[in-house]
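This report goes through strands, a chain contact, cores and a helix in turn. Keep the sequence and the 3D structure in view while reading.

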Amino acid sequence: MAENGSGFVREVAHRVFAAELKESNLQAKEGQDQYSPQYLITPTGAKCNRVFIVGTLTEKEDVGMDAEFWRGRIVDPTGAFFVSAGQYQPEAAQLLAKTTPPEFIAVVGKPTIYTTKEGNVLTSIRAESMYVVDGATRDRWVVETADLTAKRIAKLQSNEPDAVRAREHYSTNVEEYRAMVAMALESMKAQ
Amino acid sequence: MKEIAKKIEARFLELGVKVQTSEIETRLEQLINKFKVPPEEARRNVINYFLKQHNIPKTEFFASRETPLVRASEIIENGKWVTLRCKVVQLWDANHESLSQSGLLGDESGTVAFKKWVKANLPQVEEGKNYLFKNVATSEWQGRFSVSLNKTSEIIPITEEITVGNTPVEFSGAIVDIQSGSGLIKRCPECNRALMKGACGEHGKVEGLYDLRVKAVMDDGEKVQDILLNREVTESFTGITLDKAKEMATEALDQAVVLDMIKSKLVGRYYVVVGARLDRFILVDSIRQDTKPIEENIKRILAAATAPVAQEA
């Protein structure tokens with residue numbers, strides 16, 4: 001029972017490491033309608049409209065002009081995510097405002113890509129919600145994300161449409177992503 | 001297409017009418033290939049055509065077909081004809097003149113709502129009694145399934161006692177959202193519905209009764225699962241009792257503080273829930289933080305990830 005009749009199905013929050021999200025720049029849209037959801041396809045073939053990440057907030061900054069607009073840097077074993085929250089995400093913005101880094105943070109949000117004046121393409125996450133969590137939750141996320149990423153890598157050579165598009169667009173170096181997963185897990189062992 | 005034609009012919013034969021296979025096929029062929037009508041629709045059209053030709057009432061054609069006996073929880077498709085062996089768990093007010101009865105049927109696997117039309121001309125059923133419901137139609141509205149009893153249906157009382165059950169399911173994942181309508185809410189004293197802005201959808205402005213509940217969304221990275229925590233589970237799990245919640249709300253002059261508190265305790269963390277499935281929700285009996293050791297997973301994934309690129313490709 002995937003559909004719930006009203007035609008609206010909540011998007012799954014994918015688990016993606018920072019290093020993978022950073023490389024993502026393939027956008028896809030399903031349907032022609034202006035309200036059709038936007039997706040970001042990652043190099044291992046995760047088709048995300050929403051992501052769930054847990055990491056350490058290391059920096060935060062209010063970059064807003066008139067209204068507050070918060071940007072945060074959240075670090076996982078493979079790199080850093082950029083997270084933003086403005087007036088349309090009041091709860092998330094408030095949390096960033098009152099939290100002093102470093103702190104473990106869980107974020108549910110929409111991945112977006114934008115191009116800087118210099119022409120660099122950056123990915124960031126527009127937070128829907130953001131909460132302070134504990135170290136155990138963060139560890140669990142790393143292992144879960146490693147697991148799901150490994151599963152995607154294994155499926156990357158298959159004929160699933162998302163895998164095919166990812167492969168064609170990124171010519172994904174599978175070894176590189178296997179190494180990333182292994183590295184993330186090794187970092188857990190070291191503790 | 002040949003198959004469809006054969007089936008139609010066989011069915012008409014049962015009713016004692018001989019229809020030419022070639023004639024059926026020609027009609028099907030024209031509809032499907034020339035006019036691009038989907039096969040199911042074409043089948044329907046052809047049947048209706050011959051029914052009219054031979055003056056057979058539709059009900060006779062469709063009624064005598066034996067429908068498969070299914071369990072309540074197996075109803076997952078719209079527009080199917082099925083037979084159910086169920087207990088009448090609950091009768092609701094038939095709030096429309098064309099409805100003669102409505103309520104909830106249940107068997108060992110779960111429950112399903114039913115509607116009985118006045119036009120169906122069927123005997124009344126009683127709460128707590130067991131029946132065989134033959135030839136009922138399934139329908140779906142916003143993800144909920146129900147069955148409707150119509151002219152062609154049959155209700156046969158049975159003596160067997162059915163115990164209505166609901167197999168509990170388990171789901172583990174992270175809570176990624178708490179939906180509105182959670183926390184400290186007010187319910188209508190008459191129908192127990194949650195109030196929206198102090199008014200009940202059915203009874204208008206009423207003096208509501210306080211309740212505590214959580215509607216949350218869990219997600220394991222591959223699937224989304226809605227969960228529902230009732231007052232008992234919410235109280236014991238969050239440590240906020242209904243009285244405490246009322247106190248908090250009064251102090252802050254805002255009901256939302258309770259919701260904020262619950263959110264900051266639950267969202268972003270990993271849980272395992274156990275409970276009965278109801279529509280798209282799991283009605284949670286127990287919820288606990290997921291504390292399964294992760295070391296073994298680390299070893300397992302590492303072993304798989306560092307293995308040479310073999311099996312796939």
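## Strands of chain A

Two strands pair if DSSP finds at least two bridges between them. Strands (E, at least two residues) and helices (H or I, at least four) are DSSP runs, numbered from the N terminus. The model is predicted: local features need pLDDT of at least 70, side-chain atom pairs count only at pLDDT 80 or more, and totals for chains, interfaces and linings use all residues. Residues are numbered from 1 along each chain as its sequence is written, while chains are lettered from A and ligands numbered from 1 in the order in which they are written.

β8(A) and β9(A) are antiparallel and share 11 bridges. T115(A) has V121(A) in β9(A) as its bridge partner. Five residues lie between the strands of this hairpin, and G119(A) has a positive phi near 95° there. β8(A) is also joined to β5(A), again antiparallel, by seven bridges. V51(A) is opposite G109(A) of β8(A).

## Where chain A meets chain B

Two residues are in contact if their C-beta atoms, placed from the backbone, lie within 7 Å. By this rule, 35 residues of chain A are in contact with 32 residues of chain B. Elements giving two or more residues to the chain A side include β5 (50–62), β8 (103–115) and β9 (121–132). The most come from α3(A), with 10 residues.

The chain A side has 19 nonpolar, seven polar and nine charged residues. Here Ala, Val, Leu, Ile, Met, Phe, Trp, Tyr, Cys and Pro count as nonpolar, Asp, Glu, Lys and Arg as charged, and the others, Gly among them, as polar.

## Nonpolar cores

A residue is buried if 20 or more other C-beta atoms lie within 10 Å of its own, exposed if 12 or fewer, and partly exposed in between. A nonpolar core is a set of buried Ala, Val, Leu, Ile, Met, Phe, Trp, Tyr and Cys residues joined through C-beta atoms within 7 Å.

The largest core has 80 residues, and V107(A) and M130(A) have the most contacts inside it. Among the residues that M130(A) touches, leaving out those up to four places away in sequence, are A85(A), L96(A) and V107(A). A separate second core of 16 residues includes F114(B) and F145(B).

## A helix of chain B

Which residues of helix α5 (231–238) of chain B are buried? They are V233(B), T234(B) and T238(B). These residues are on the same side of α5(B), because their arc around the axis is only 100°, taken from the directions from the helix axis to the C-beta atoms.

Their cover includes β12 (209–219) and α7 (256–266) of chain B. After α5(B) comes G239(B), with a positive phi near 80°.
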